[in-house]
Amino acid sequence: MKKKKIEIFPIVNAIIFILLAFLIFIPMWKILSDSFDLKTSYGMRLWPQKFGLAGYQRIFSDPLLSRPLMISFITTIAGTLFALTLSTFGAYVLIQWEMPGRTFFANMLLFTMIFSGGMIPTYLVLRDLHLTNTLWAVILLPALNVYNLVLMRNFFEGIPASLFESATLDGCSPMQTFIRIVLPMSKAALASIGLMFAVSYWNDYTNYKLYITQPTLYNFQMKLRGMIMGSDLPQVGGGLAENTVKNAAIIVVIIPFMILYPFLQKYFVKGVNIGAVKE
Amino acid sequence: MKNNKNQSAKPAVKSGKSVGARIYRYRGFYLMFLPVFVFAIVFFYLPMFGIRFAFTNYNGIKAPDIVWFDNFKKAFSMPGFWSAVVNTLQISVIRLLLTTIFAVVVSILLNEIVNIYFKKVVQTIIYLPHFLSWVVTASLFSLILAPTGQGLVNSFLVNIGVLDSNSMIYFLGDSKWWRFSFYLIGIWKETGWQTVIFMATLAGINTELYEAASIDGAGRWGKMRYITFPALQNTILTVLILNLAKIMNLFESAFVLQNDAVLDVANVLETYIYYQTFNSGAIPNYGYTTAVGLFKSIIGMILVLICNHLSKKVREGRGIV
Amino acid sequence: MKKKLVSLLLVAAMVTSMGCGDKKDEPASNNNDNSANSETQQSESNNSETEQQEETEQTADVEKPEEITIMIDGTVFTEVNARDQFMAKLEELIGIKINVIQPDHDAYYDTVQQTVAGGDWPDVMILSSTYYSGYASQGVLWDMTEAYESSDLKKRHDAASSTSVIDGVKIDGSLYGMPATRGNGCVTYVKKQWLDNCELDVPTNYEGYLAMLDAFTTGDPDGNGVDGDTIGVTAAGFIGAEAPFTNYFPEFYQDGYPSFYQKDDGTWADGFGEDSMKEALQRMADAYAKGYIDPTTLTNGTGDCRNKFFSADNSFGVFTYWAGNWAQRLSDGLTSNGLDGELVALPPLPEVGKYLDRVPPTWCITTKCENPEGVFKYFIETMQDGGEVQFLWTYGVEDVHWSTKAETLFAGTENEKVYAEGEFHGTESLENPGTQYTKGHIDPYIALVPLEGDPKDESSTQAVKDSAQMFAENCVTADLAPSTDKMSELNGDLTTLKNQLVADVVMGKLTVDEAYEKYEADGGAGWSQEIVDSLNNR
């Protein structure tokens, strides 16, 4: 009886996920199909009428593409490292429940999540710090994200206290404990929150729009956004396949994270074996 | 098992020492918090001088003109304001609960998949919609849900005989169906992304627990119920409460999916303010929008304080932060 | 809990104290800024005054500024479209060094607001009608009436009978910004082949228009053998988001106008409460019920409309869209789908009278500009000199944006174009390879001053020419409503209510009478009256 149940469940489960993935994928497929379709159409067509790569050729043959792409990579990598440093430091301090001032720090961070100064004051502060029209604005501004910091702290909470105790007994400084115990124990947390930061840096255009007026500092997303929004600016000519290029641009933006995710997943799959770290 | 988890979170240091001694003991941690502190001050607290604009009329040109609570009075006296507040609370709370429940169920079930390649493919597919902008999502779904032969859902319903072709449902243009469609699109777009954080939490479960449970004779459901779900509990609570803080900020998704015919059920506070300023044909009064922003923050704070208080009961005296 | 409360209070105290600190600091530093600014301004204006005095003695002329800062949106050549070369050429022609601030087009007005609030105002900005009238009333913009009245530019405008456009952007008789072109608007395009397939002539009145929609909706205009799989007309919503609100459905609105307009006697009124608007709503409701208007109009974006128009099946036949270059782009979209690209630009039906021209964006000089007269004379005026400088603003730089050299563009594609030596043509776009430049900031078809030796007819297609000329002959400029306090207070809610009622009536949820009862009951009529009063009692 019990044995039979175990055999049925994985099949049902697999069927559920095949259906779910299928339902979620149909709308994505529509975009993919349209990106290869040289004919413009309206309707739920799920196969190109006239197959062609012109949409992608148009994007990748652009001589002005390499610079924004470079800027995207630089800001995403630098920003994610910066942001992970802040989040892990902050999260590590927030699990020191006995530390005087901890609650104050925690509330101070929580407060920034709820209250904000608004668009113009933020601009004025950045301007007075001479950060506008520099990549520092788009790297530093999103680096402290309290939401992610608290999630990180949540993961750190799960690290057994005995590990910290033994580290303290060994005479480790907080920084040494952080590097020897906290980081190795939190690969899944670093992978998932790092991914969240990387995605927000990669997809960022709001900060570019608001704080950078120098197009040579625009990232890939800003570049493709122009194509996706179907700009009506006068210099932009008709374009024979406006819709094709638009859909191709939507797909191109997603590609890096389609490739990256399966690699990160190995950190989510393995359960942590605490015994091993204890040794 | 539950105890095991909680034990791990108990303070390592014995309290009762003098504050001075404790400060000295934690000196290294203060240093580590310094960068976070500086960032918070510079990028969040310095711009907060702007909050005072809420009590002024300010158009960004002349010096702000102090009007105290006039902006709040104006907002509170508009009939559209309160209905927008109620809409916002209803829509975002229900959407938050739905997407979270969905993401948790999907995560737990995903965790049961043994074939690693199948798991990877499924995970990757379901997280892709997160990368579409809301504008693109809206135009995609206005097509999928269109009340014509080209609308995928309606033509499916006609084909299986649920509807006839003269009574197709205008999912996004009918007040009766709009919210349902809105939640569905939200689930479609964000479920996969939310599972990222839950899957990472599940990865942190000590494998020994499952082994021990197997020895104790626990079945699949027993393990899910007594190990997997409790492990997620903390993260679920945190995600829910953190999102409550921002609950009044609902804008883009509602904005791109709404239209003139469904405003009675779809107009949320941010879109209401947007129309109020954009449609007025005048330069926005920055003081007014700041006042509304402050009102939203206060509601967010109240919600967070209440939930934090409740969460302490579950988390043995600790709040979510 | 107590501990938490205390620390929250601490945080709050910190914030307020910071706020207070800032409150103290802020005006002070503002004052410092201001005083510093006004000092420099004073000293500089002193300088310029003395210089000017010297100059008046010598040449009695306006001093040419050496260097100016301009803030422009994406309607001027952007950086990827060789803005540097454009500006270099402009500097060479007018002899002024130009610093350019060109934010992303989508964020232009966010950046304008930030810049204005930050106090480092540029000398010149491009502003849309809303920001133009708002900033004018706040003293941000320099009153150029006097400079304009005595200028050669006015003579050129008068000669080209463009004066009405300039009058259209005056606020109570004062001019705060200079339009470079008319505002442009929408005309109704009809698929020629569809008319032929239904054996119809171009409609000349509303009855004919309805008959055409009926044939397009119930007949087989696309000739695929299926009756009724096509639609008459569509648009992105039943009512436009900005003035002139009726521009996507002029045939149904006719003389109904849902917003504020100036009567012949100069007083203001709200057209929404008038019978003409009620009739317009009834017309749209009838047409919607008959299926002439696309059932997804409410949720369509403009991109959806274009895709649907280009689509080979389930398409629609009548599309009211921008005059001028879009005539060609719509036609190209059809041809590249293998369809017949011929479109008829429909002259306004007698019931419609005229198409509506938008209020154009304007070039404004800020009050922080040190030498506004000089900027007006040497920058604003030259832009419409009818000669070399205007040519640059219209077509860009030779051999960058246009060329007369013999060349073959897009060789080997179905879009291949061969140009002989001496033939004027746009070069291949830098930003959008595979397409050509057609114009720069100034669209030659809506320019206010005729351009000497203008190659527009040579470089543009017949379709563009026809639609632009037809529109120019048949348009009136929409009224620029000045902003009043009542307006900024109430008009947002009022417009939302109006838009809701329009949607409800057209889609059959309410009858016209019910809608107007609701309009009264929800306070719309009252708000409308308050705004009208505020406009008339300024």
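Helix α14 (residues 372–380) of chain C lies across β1, β3, β4 and β12 of chain C, at about 150° to β12(C). This is a predicted model: local features need pLDDT of at least 70, side-chain atom pairs count only at pLDDT 80 or more, and totals for chains, interfaces and linings use all residues. Residues are numbered from 1 along each chain as its sequence is written, while chains are lettered from A and ligands numbered from 1 in the order in which they are written.

**Terms**

- Helices (H or I, at least four residues) and strands (E, at least two) are DSSP runs, numbered from the N terminus.
- Residues are in contact if their C-beta atoms, placed from the backbone, lie within 7 Å.
- Axes are lines fitted to C-alpha atoms, for helices over the stretch in contact, and angles run from 0 to 180 degrees between N-to-C directions.
- Strands pair if DSSP finds at least two bridges between them.

**Five-strand sheet of chain C**

- The sheet is open, with 5 strands in the order β2-β1-β3-β12-β4 (chain C) and mixed pairing.
- Its edge strands, each pairing on one side only, are β2 (97–101) and β4 (177–179) of chain C.
- Neighbouring strands of this sheet are turned by 25° against each other on average, direction ignored.
- Strand β1 (residues 67–71) of chain C pairs with β2(C) in the parallel sense, over 5 bridges.
- Thr69(C) has Asn99(C) in β2(C) as its bridge partner.
- Helix α4(C) also packs on the sheet and touches β3 (124–127), β4 and β12 (362–365) of chain C. The direction of α4(C) makes about 130° with that of β3(C).

**Four-strand sheet of chain C**

- A sheet of 4 strands is open too, in the order β6-β9-β5-β10 (chain C), with mixed pairing.
- β6 (231–233) and β10 (343–346) of chain C are the edge strands, and each pairs on one side only.
- β6(C) and strand β9 (residues 316–322) of chain C run parallel, joined by 2 bridges.
- Ile231(C) stands opposite Phe316(C) in β9(C).
- Helix α9 (residues 206–218) of chain C lies across β6 and β9 of chain C, at about 145° to β6(C).

**Domains**

- Domain bounds come from an automatic or database domain assignment.
- Chain C is assigned domain 1 (1–16 + 62–183 + 360–396 + 442–452), domain 2 (186–357 + 479–536) and domain 3 (402–436).
- The C-alpha centres of domain 1 and domain 2 of chain C lie 32 Å apart.
- Their contact takes 12 residues from domain 1 of chain C and 5 residues from domain 2 of chain C.
- On the domain 1 side of that contact, helix α4 (residues 129–137) of chain C gives the most, with 4 residues.
- Chain B has domain 1 (1–45) and domain 2 (72–314). Their centres, taken over C-alpha atoms, are separated by 33 Å.

**Chain B against chain A**

- The contact takes 78 residues from chain B and 83 residues from chain A.
- α3(B) supplies the largest share of the chain B side, 10 residues.
- That side divides into 53 nonpolar, 20 polar and 5 charged residues. Ala, Val, Leu, Ile, Met, Phe, Trp, Tyr, Cys and Pro count as nonpolar, Asp, Glu, Lys and Arg as charged, and the others, Gly among them, as polar.
- The axes of helix α4 (residues 102–114) of chain A and α3(B) come within 11 Å and cross at roughly 35°.
- The crossing of α4(A) and α3(B) is left-handed (the near helix is turned anticlockwise from the far one by less than a right angle; clockwise would be right-handed).
- Phe105(A), Met108(A), Leu109(A) and Thr112(A) of α4(A) meet Phe33(B), Ala40(B) and Phe44(B) of α3(B) in this contact. By class, the contact has 6 nonpolar, 1 polar and no charged residues.

**Chain C against chain A**

- The contact takes 53 residues from chain C and 36 residues from chain A.
- The chain C side has 13 nonpolar, 27 polar and 13 charged residues.

**Confidence in chain A**

- Chain A averages a pLDDT of 84, and 89% of the residues score at least 70. pLDDT is the predictor's confidence in each residue, from 0 to 100.
- Within chain A, the mean is lowest in helix α14 (residues 274–278), at 43, and highest in helix α6 (residues 135–140), at 95.
- Over residues 271–279 of chain A, pLDDT stays under 50, and the model has 15 contacts beyond four places in sequence for them.
- Where pLDDT is low, the predicted coordinates should not be read in detail.

Terms used:
Contact = placed C-beta atoms within 7 Å.
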